[in-house]
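Colleague: I'm new to reading models like this one. Can I ask you how the labels come about?

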Amino acid sequence: MFKASIKTTLIDLSGTLHIEDSPIFGAVEALEKLRKYTNVRFVTNTTKESINKLHGRLLKCGFKIEKDEIFTSLSSARKLIESEKLRPFLILDDDAMEDFEGIETSNPNAVVIGLAPKKFNNETMNKAFRLIKDQNAQLIAIHKGRYYQKNDGLHLGPGAYVTGLEYSTGIQAKVVGKPNRMFFEMALSSLKSENNSFENTVMIGDDVNDDVIGAIENGLNAILVKTGKYREGDEIKIPIDNRNVVKSFVEAVELIVNHVKQ
Ligand SMILES: [Mg+2]
């Protein structure tokens with residue numbers, strides 16, 4: 001089931017703990033229980049919201065979560081922009097812009113693209129295309145999620161647009177969110193306690209590609225929940241030796257707690 005005794009749990013947010021403003025049934029209590037057994041960190045590829053907005057939403061759902069326990073692919077993108085002194089053309093939702101305050105954006109030498117449905121139009125995409133093709137700007141994807149779940153059904157993710165830019169420019173995007181190894185490392189390195197190796201860590205998520213297979217390929221353990229964007233048959237993609245599939249976050253916590261108790 002798991003490679004080693006579990007010390008840390010990484011938890012996806014949207015589709016795993018909540019869907020929009022509603023918590024997954026029983027998840028608030030299950031999270032409290034899990035905290036008694038393992039460290040927890042929250043890792044999200046959400047690109048539509050700044051950490052402040054996301055944190056506010058989680059509190060509204062009833063979760064007791066500290067802001068510094070949350071790691072978003074936006075914070076990881078900002079780190080990269082700062083360390084490589086990039087001036088990005090940001091294709092991000094207005095609600096996410098807060099996390100990029102103070103970043104120089106004139107005369108761009110990078111295109112940073114996240115989930116921004118209102119900006120996925122020909123004018124913006126063509127500007128991005130020209131920056132990459134004509135001016136050698138780097139292409140940075142917050143993540144390449146194929147699709148995501150909202151209350152009214154599935155929606156097209158940024159992966160479709162990132163892949164389109166890759167196709168037309170011949171340039172491969174640098175991906176900063178899950179399943180990038182550095183993103184998982186960033187979340188673990190914030191824990192003060194010792195023995196936080198990948199094999200002592202389990203990732204819980206509803207995205208079979210970026211959460212589950214991504215974690216397994218980096219050497220973590222993983223549990224797929226059948227909520228959010230989960231669709232029947234997703235579990236078949238997971239290597240059989242590492243396949244842990246449960247109904248929801250509540251059952252994922254039971255699986256971990258029972259394993260830790262043994
Ligand atoms: Mg999710």
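Colleague: Why is S14 called partly exposed?

Modeller: This is a predicted model, so keep in mind that we are talking about computed values. S14 has a relative accessibility of 30%. Buried means under 20% and exposed means over 50%, with partly exposed in between. The value for S14 falls in that middle range, so S14 counts as partly exposed.

Colleague: And what about D206, buried or exposed?

Modeller: D206 comes out at 3% relative accessibility. The cut-off for buried is under 20%, so D206 is buried.

Colleague: What makes D12, S14 and D206 donors of the magnesium ion?

Modeller: Distance does. A donor here is an N, O or S atom within 2.8 Å of the metal. D12 (OD), S14 (O) and D206 (OD) lie 2.2 Å from the magnesium ion, so they pass that limit. Along the chain these donors follow the spacing D-x1-S-x191-D. S14 sits in the loop between β1 (8–11) and β2 (18–19), while D206 sits in the loop between β12 (201–205) and α7 (208–217), so this pair ties together parts that are 192 residues apart in sequence.

Colleague: How do you know that β12 is mostly covered?

Modeller: Go through its residues: 5 of the 5 in β12 are buried. T201, M203 and G205 point one way, V202 and I204 point the other way, and all are buried.

Colleague: What makes β1 and β12 a pair?

Modeller: Two strands pair if there are at least two bridges between them. β1 and β12 have 4 bridges in the parallel sense, so they count as paired. One example is T9, whose bridge partner in β12 is V202. β12 is also joined to strand β13 (residues 221–225) by 4 bridges, again running parallel. There, V202 stands opposite N221.

Colleague: Which strands form the open sheet, and what makes some of them edge strands?

Modeller: The order is β6-β7-β8-β11, with parallel pairing. β6 (88–91) and β11 (174–175) are the edge strands, as each pairs on one side only. Helix α4 (residues 122–135) packs on this sheet, touching β6, β7 (110–113) and β8, and its direction makes about 155° with that of β6.

Colleague: How many bridges join β8 to β11?

Modeller: There are 2 between strand β8 (residues 138–141) and β11. The rule asks for at least two, so they still count as a pair. In β11, V175 is the bridge partner of A141.

Colleague: Why is V43 called buried?

Modeller: V43 lies in strand β4 (residues 39–44). Its relative accessibility is 0%, and buried means under 20%, so V43 is buried. Leaving out residues up to four places away in sequence, V43 touches L10, I11, D12, L13, F71, K178, F183, A187 and M203. Take I11: it is 32 residues away along the chain, yet the C-alpha atoms of V43 and I11 are separated by 5.9 Å.

Colleague: How do you know that domain 1 and domain 2 are in contact?

Modeller: Contact means heavy atoms within 4.5 Å. By that rule, 10 residues of domain 1 are in contact with 11 residues of domain 2. Domain 1 is 8–45 + 178–261, and domain 2 is 80–175. Their C-alpha centres lie 26 Å apart. The area buried between them is about 1000 Å², with carbon and sulfur atoms giving 43% of it.

Methods. Residues numbered from 1 in each chain as written. Predicted model: local features only at pLDDT ≥ 70, side-chain atom pairs only at ≥ 80, totals over all residues. Heavy atoms only, no water. Donors = N, O, S within 2.8 Å, 3.2 Å for Na, K, Ca; no water. Buried < 20%, exposed > 50% of the residue type's maximum accessible area, 1.4 Å probe, protein only. Axes fitted to C-alpha atoms, helices over the stretch in contact; angles between N-to-C directions. Domains from an automatic or database assignment. Buried area = accessible area lost by both parts, 1.4 Å probe.
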